[in-house]
Amino acid sequence: MNIKLIAIGKTDNKNLQTLMEEYQKRLSFYIKFELEVIPDLKNAKNLSEDQQKEKEGELILSKLTPTDYLILLDENGKSFSSMAFSAELQKKMNAGIKTLVYVIGGPYGFSEKVYQKANQKISLSAMTFSHQMVRLFFIEQVYRAFTILKNEPYHHQ
């Protein structure tokens with residue numbers, strides 16, 4: 001199985017970028033992981049929230065293949081503990097899913113078309129985090145999930 005994370009906009013903070021790269025490197029021992037960044041929309045300030053979501057949605061959907069299993073990181077999604085998230089990943093691997101695609105939307109969330117295409121929504125927290133920090137938190141949680149599945153001493157219960 002492959003895991004792909006799609007995010008809107010680049011990470012400006014070099015410290016966050018360094019940490020994301022560190023966890024991506026660690027993750028490479030367990031699974032093929034890819035972070036794909038969709039550039040911020042040009043002239044976004046001239047667009048309404050709905051127009052911005054529509055344009056970002058088209059870009060997100062253009063990155064998918066028909067066999068991808070799409071999971072949105074969404075504040076209204078299902079919450080998991082780290083242990084439950086690792087079990088969820090195991091379930092997806094056992095189901096023979098080739099590519100899991102997680103998406104972090106833009107500042108206003110997702111378009112209706114993206115919601116319609118999604119197989120699942122998950123929430124990392126009831127709190128709101130910057131889009132840049134969510135990337136790091138998500139990559140670390142995927143790494144943590146694999147260490148749990150391999151019974152490695154990273155996660156403490």
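**Exercise 1.** Determine how many residues of strand E4 (residues 99–104) are buried.

*Solution.* Of the 6 residues of E4, 6 are buried, so the strand is largely enclosed by the rest of the structure. Here buried means under 20% relative accessible area and exposed over 50%, with partly exposed in between (1.4 Å probe, protein chains only). Strands (E, at least two residues) and helices (H or I, at least four) are DSSP runs, numbered from the N terminus. Thr-99, Val-101 and Val-103 point one way from E4, whereas Leu-100, Tyr-102 and Ile-104 point the other way.

The model is predicted: local features need pLDDT of at least 70, side-chain atom pairs count only at pLDDT 80 or more, and totals for chains, interfaces and linings use all residues. Residues are numbered from 1 along each chain as its sequence is written, and side-chain values use heavy atoms, without hydrogens and water.

**Exercise 2.** Identify the strands that pair with E4.

*Solution.* Two strands pair if DSSP finds at least two bridges between them. Strand E1 (residues 2–8) is parallel to E4, over 6 bridges, and Ala-7 stands opposite Ile-104. Strand E3 (residues 69–79) also runs parallel to E4, joined by 5 bridges; Leu-70 stands opposite Val-101.

**Exercise 3.** Locate the buried and the exposed residues of helix H1.

*Solution.* Leu-16, Met-20, Tyr-23 and Leu-27 are the buried residues of H1. They cover an arc of only 65 degrees around the axis (taken from the directions from the helix axis to the C-beta atoms), which puts them on the same side of H1. Lys-14, Asn-15, Thr-18 and Lys-25 are exposed on the other side.
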